[in-house]
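The numbered points below concern its pockets and the packing of its helices.

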Amino acid sequence: MRKSFVYGVAVTDYNFTGRKDEIRRLKANFEGGINTILISPRRYGKTSLVDYVCRNMDKSDIIIVRLDIFGCKTEYDFYNALVAAVLKQTASKVQQWMDEARDFLTRLTPKIGIPLDPTSEITISLGITPETHTPEEILNLVEQIAQRKQRHIVVCIDEFQEVGEFPDSKQVQGRLRSVWQHHHDASYCLFGSKRHMMSTMFLNRSMPFYQFGDLMWLGKIPTADWTDYIVSHFEEAGRHITPDMAAKICDAVDRYPSYVQQLASIVLNHVEQGQSVTKDILTESVADVIQANEALFMQQIEPLTVYQMNMMRAIVSGIHDGFNEKAVRSQFDLGSPSNIVRLRDALIEKDLIYSEMKKLYVTDPVLCLWFKRRF
């Protein structure tokens with residue numbers, strides 16, 4: 001049975017909507033061998049977009065390699081994950097890709113874990129270390145395999161901001177850039193869940209990955225796309241919702257993709273079979289969304305200082321600039337003008353707020369609603 005609305009995980013075709021321009025652009029980049037960087041707030045649908053394009057590519061001359069490096073804490077953790085993913089996803093059988101591993105990389109000490117559960121994936125540890133392989137030797141593996149197979153390889157790396165947390169991160173980024181920029185038969189799609197860190201890595205002129213490829217900012221999905229999607233999914237579930245009420249679901253959470261799905265799901269569950277959505281049901285459902293995320297929000301604001309909390313209060317109340325003005329600083333107890341910069345940078349680094357056209361906004365619209373009610 002298909003779920004009407006999905007949130008918290010990457011969505012599949014039935015639960016995917018909008019992004020027509022982004023799909024076209026990303027697909028063209030994959031086909032043209034153009035490196036791509038995707039940046040947006042977390043839970044905005046980056047992974048779902050990449051998954052959708054990968055599933056709908058003509059695979060005859062392109063090989064897609066997917067990996068998530070969230071668990072990688074060092075440069076060589078990343079190299080081991082990268083090589084394992086490339087070898088596993090460019091060869092059909094374990095023995096075949098192990099043979100290829102030995103062809104391309106000598107001095108390997110591979111360990112293969114075969115799970116008892118047949119539905120689980122085989123795990124591979126290649127034993128790549130600084131003593132056995134140089135970064136250049138490892139990073140050029142993708143290009144070499146692409147040339148041997150005479151097919152283009154697109155490597156899609158999720159949670160790429162983790163590279164920014166590695167020891168000597170800037171040097172690591174420099175090594176990656178210096179090798180990848182010379183690849184002609186391999187290209188890279190880099191995306192992650194921490195907008196601030198991804199922006200620092202790819203928008204700062206002093207960083208190695210500056211202007212590495214096509215930078216795509218994921219915006220909000222238009223209300224019209226959401227409205228058609230919500231109305232049709234309600235009808236398939238045997239409930240009814242008007243286009244106007246579907247649009248109100250979008251407005252309630254500022255068209256934030258994950259929250260639109262979550263709120264629509266909660267509204268659906270409040271409606272009996274054959275019945276229609278009412279304003280009271282929507283109001284109750286918005287309260288439920290806020291309540292469902294309260295523990296997460298408490299965890300996010302618990303480490304904040306008093307001044308940081310005051311800055312959040314100011315932004316939530318509708319003030320987005322002019323924080324240096326004496327009246328604003330006095331009303332919200334923000335301290336000295338020099339303190340404003342530190343507060344802004346700290347909250348941006350925590351991904352609680354973002355800056356746009358020199359104005360500050362709360363990143364998470366439901367957090368904003370919760371903060372207004374709670375504080």
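Predicted model: local features only at pLDDT ≥ 70, side-chain atom pairs only at ≥ 80, totals over all residues.

1. Helix 8 (195–203), helix 13 (294–301), helix 14 (306–316), helix 16 (337–349) and helix 17 (365–374) each contribute at least two residues to the lining. Strand 8 (353–356) and strand 9 (359–362) likewise each supply at least two.

2. The second largest pocket holds about 560 Å³ of space. Its lining consists of 29 residues, and those nearest the centre are Arg42, Arg43, Tyr44, Gly45 and Lys46. Helix 2 (46–55) and helix 11 (257–270) each provide at least two of the lining residues. By class, the lining has twelve nonpolar, ten polar and seven charged residues.

3. Helix 11 also takes part in helix packing. Helix 9 (residues 223–236) packs with helix 11 at an angle of about 30°, the two axes being 11 Å apart. Because angles under 35 degrees count as roughly parallel, helix 9 is described as roughly parallel to helix 11. The crossing of helix 9 with helix 11 is right-handed. On the side of helix 9, the contact involves Trp226, Tyr229, Ile230 and Phe234, which meet Pro257, Val260, Gln261, Ala264, Val267 and Leu268 of helix 11. Nine residues of this contact are nonpolar and one is polar, with no charged residue.

4. How are helix 12 and helix 17 oriented to each other, roughly parallel or roughly perpendicular? Helix 12 (residues 279–292) packs with helix 17 at an angle of about 95°, with 9 Å between the axes. The two helices are therefore roughly perpendicular. Helix 12 brings Val286, Ala287, Val289 and Ile290 to the contact, while helix 17 brings Val366, Leu369, Trp370 and Arg373. The residues of this contact comprise seven nonpolar, no polar and one charged. Helix 17 is also among the elements that supply at least two lining residues to the largest pocket.

5. Helix 12 has a further packing partner in helix 10 (residues 243–252), at an angle of about 20° and with the axes 11 Å apart. Helix 10 and helix 12 are therefore roughly parallel to each other, and helix 10 passes helix 12 in a right-handed crossing. Met245, Lys248, Ile249 and Ala252 of helix 10 meet Lys279, Leu282 and Val286 of helix 12. This contact has five nonpolar and two charged residues, and no polar ones.

Notes. Residues numbered from 1 in each chain as written. Heavy atoms only, no water. Helix = DSSP H or I, 4+ residues; strand = E, 2+ residues; numbered from the N terminus. 1 Å grid on protein atoms, 1.4 Å probe; cavity = no way out; pocket = protein on both sides within 12 Å on 5 of 7 lines; lining within 4 Å. Points joined across faces, edges and corners; volume = space filled by probe spheres on them. Nonpolar A, V, L, I, M, F, W, Y, C, P; charged D, E, K, R; others polar. Axes fitted to C-alpha atoms, helices over the stretch in contact; angles between N-to-C directions. Parallel < 35°, antiparallel > 145°, perpendicular 65-115°, else oblique. Left-handed = near helix turned anticlockwise from the far one by under 90°. Contact = heavy atoms within 4.5 Å.
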